[in-house]
Amino acid sequence: MTDKDLETTRRGVLGGVAALGATVVSGAVQEAQAQTAQRTFVLVHGTWHGGWCWRRVADALERKGHKVYAPSLTGLADRSHLMTREVNLAAHANDIANLVKWEDLKEIVLVGHSSAGFVITEAAEQIGASVASIVYLDAFVPQVGDNLISLANPGPRKELEDAVARGDLAAKPVPAAAFKVNEKDRAWVDAKCTPHPLSVVVDKVTAAGAREKIARKTYIRATGFDSPVFDQTLVRVKTMAGWKTYEVPCGHDVMVDMPDRLVEILLEVA
């Protein structure tokens, strides 16, 4: 091989390396842009909670330039004065659907914690076209005909059934310790939780097809909280197309216990 041939080969190798490097850099830039592009998050709390539980996550996302909505559902927290027997699952789904409609929100990341898996499933029937990514955070992923009572752990299920049998208006909050909330935050969570409308936990899911049409679906399991139903759900969705799954080592209230890790995950799946 002549010196000229060697030089040509050397230039070809260097050119290939440069092209590969450019491709890697381009991919990294695109990934970084995806992480930093403004996203809109709608965060839906679970039983007994309110928009307050998302404060740490909302603050972190907003500091990164994203738009965040974390409403309290009708009858809960700052809207507890609106508690009536007419507050049912459809009303909570409408809380979220109407927020999206009236704020003209598009390409949202819709997140539901715990029992809000029912709420976001029902809401998606109205606003599915506006949802780019749906996230079930240690939550129920209900099918048609399911209600919260049918899927709850045995202890809470018995308490809910007894409350319904008595004709109570609402279910009393369960102590934060039962959800394995970290000890430092238990008193704060207990002080903020309010009774939950019983009609919501009795109502059954009427449709779930819109959820499956959303391109990006995520299930996040909090391994520090004992829930056979959530464990079974994690195993099930791992085998389903279009789903990503994560496991985090904390109690049920991930937004309280591990807000920074939750923010990382939400930005990855946005």
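**Figure 1. Overall fold of the predicted model.** Residues 24 or more positions apart account for 77% of the contacts in the protein with a separation of 6 or more. The model shown here is predicted, and its secondary structure consists of 12 helices and eight strands. Of the 270 residues of the protein, 49% count as buried, while the accessible surface comes to about 12900 Å², with 55% of that area belonging to carbon and sulfur atoms.

**Figure 2. Close-up of the largest pocket.** The volume of the largest pocket is about 280 Å³. Its lining is made up of 22 residues, and those closest to the centre of the pocket are Trp48, Ser114, Pro156, Phe179 and Phe225. By residue class, the lining of the largest pocket divides into 12 nonpolar, nine polar and one charged.

Figure 3. Rolling a probe the size of a water molecule over the atoms shows where empty space is left. The count comes to one cavity of 30 Å³ or more, and about 80 Å³ of space lies in the largest cavity. Its lining comprises His45, Leu73, Leu89, His92, Ser115, Ala116, Phe118, Val119, Leu148, His196, Val200 and Val201. The elements that give two or more residues to this lining are α3 (89-102), α4 (116-127) and α8 (198-202), and among the contributors α4 gives the most, with three residues. The lining of the largest cavity holds eight nonpolar and four polar residues, and no charged ones.

Figure 4. A pair of aromatic rings is described by the distance of the centres and the angle of the planes. The count for the protein comes to seven aromatic pairs. One aromatic cluster is formed by Trp48, Phe118, Phe140, Phe179, Phe225 and Phe230.

**Figure 5. Close-up of the pair Phe179 and Phe225.** What is the geometry of the pair formed by phenylalanine 179 and phenylalanine 225? The ring centres of phenylalanine 179 and phenylalanine 225 are 5.7 Å apart and the planes stand at 55°, so the pair is tilted. Phenylalanine 179 is placed in the loop between β5 (170-171) and α7 (183-192), and phenylalanine 225 in the loop between β7 (216-222) and α10, so that the pair ties together parts that are 46 residues apart in sequence. Phenylalanine 179 and phenylalanine 225 are both buried, and both are named among the residues closest to the centre of the largest pocket.

Figure 6. With a relative accessibility of 3%, alanine 163 counts as buried, because the cut-off for buried is under 20%. When its neighbours within four places in sequence are left aside, alanine 163 is in contact with Asp168 and Leu198. The C-alpha atoms of alanine 163 and leucine 198, which are 35 residues apart along the chain, are separated by 8.0 Å.

Terms used:
Residues numbered from 1 in each chain as written. Predicted model: local features only at pLDDT ≥ 70, side-chain atom pairs only at ≥ 80, totals over all residues. Heavy atoms only, no water. 1 Å grid on protein atoms, 1.4 Å probe; cavity = no way out; pocket = protein on both sides within 12 Å on 5 of 7 lines; lining within 4 Å. Points joined across faces, edges and corners; volume = space filled by probe spheres on them. Nonpolar A, V, L, I, M, F, W, Y, C, P; charged D, E, K, R; others polar. Helix = DSSP H or I, 4+ residues; strand = E, 2+ residues; numbered from the N terminus. Buried < 20%, exposed > 50% of the residue type's maximum accessible area, 1.4 Å probe, protein only. Contact = heavy atoms within 4.5 Å. Areas by Shrake-Rupley, 256 points an atom, 1.4 Å probe, with all protein chains shown as cover. Phe/Tyr/Trp six-rings, centres within 6.5 Å; stacked < 30°, edge-to-face > 60°.
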